[in-house]
Amino acid sequence: MNRRDLIRHSKFLSLVLRHRPQKIGLELDSQGWADVDHLLARMAAHGRKIDLPTLKKVVAENDKQRFIFSADGRRIRANQGHSIKVDLGYDPLKPPEFLFHGTAERFVDSIRDKGLLKRRRHHVHLSQDRETAVKVGQRHGRPVVLIVQAGAMHAAGHQFFLSENHVWLTDHVPPEFLEI
Ligand code: HQG
C-alpha cells in the first residue's frame, strides 16, 4: 500500500471513529470502541472495502498513532480528537511545567482574550514539544506556538489527561496561563 492510500484510509477512519460513525452506520460504545469486524463490514457496505491486514497496517504506520486496537484485537478506537461524546477513560495526570499549543496567527487576538477553547473537540490539545505544535499550527495557516503554563494550571486545580498517543488534553486554558 502506498503512502497516499495509507493517508486516505487514516482520514476516513478519523472521520468515522471520531466524528461521524453514522455516516456508515457504525456503532461505537460509550468509550469510543468499534468492533473490528463490524467496522470492516460497514466500510465495505459503503464502498470503502479494506481487509484486516490493511487496517492493521493503517493503525501501525499512522504517523501520530491516532488509533489503537484493544488488547484482544477485536475492537478499535481513536486515541483522541473526538467531537462525538465518548468517555476515553484517561486518568488525570500531573503535566510537565510547560506544554505547547500550535495555532494560526489570525486566532491569536481571540485566544489572548478568551484563552484556548476546545471548540468542537472534547479538549484543548497540547503537545510536549514545540515541533509538534508548529505542525499543528500549520494546518490552520501561518503557525504561532503558544507556551502553556501547565504546572501552574495544575497547581490551580485544572485537570490534565495524557492520551495513549502522547497528546496532553485539558478543558480550557485561561489567558493568564498563556505566554503569547
Ligand atoms: C483555535 C490534530 C480563536 C486553536 C492536531 C486551533 C492536534 C481558538 C483551532 C489535534 C481559540 C481548533 C487538535 C480562541 C482555540 N479563539 N481560536 N479562543 N481557542 N482556538 O483542529 O488544536 O491530525 O479543533 O488554536 O495535530 O488545531 O486530527 O484543534 O487552531 O493534535 O490527529 O481553534 O488535531 O490531530 O482547531 O488540533 P482544532 P487543534 P489529528
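A polar contact here is a pair of N or O atoms within 3.5 Å. By that rule, an N or O atom in the side chain of Arg 119 lies 3.1 Å from an oxygen atom of the ligand. The side chain of Arg 121 also has an N or O atom 2.8 Å from a ligand oxygen. Leu 117 takes part through its backbone, with an N or O atom 2.9 Å from a ligand nitrogen. Taken alone, the ligand exposes 780 Å², and the protein buries 90% of that (accessible areas by the Shrake-Rupley method with a 1.4 Å probe).

This is a predicted model, where local features need pLDDT of at least 70, side-chain atom pairs count only at pLDDT 80 or more, and totals for chains, interfaces and linings use all residues. Residues are numbered from 1 along each chain as its sequence is written, and side-chain values use heavy atoms, with hydrogens and water left out.

Now look at the wider shell. The ligand is surrounded by 18 residues (each with a heavy atom within 4 Å of it), and the closest are Lys 64, His 101, Thr 103, Ser 110 and His 140. Domain 1 (3-78) and domain 2 (99-179) each give at least three residues to this shell; the bounds come from an automatic or database domain assignment.

Methods
A polar contact is a pair of N or O atoms within 3.5 Å; within protein, one must be able to donate a hydrogen and the other to accept it, and residues adjacent in sequence count only if both atoms are side-chain atoms.
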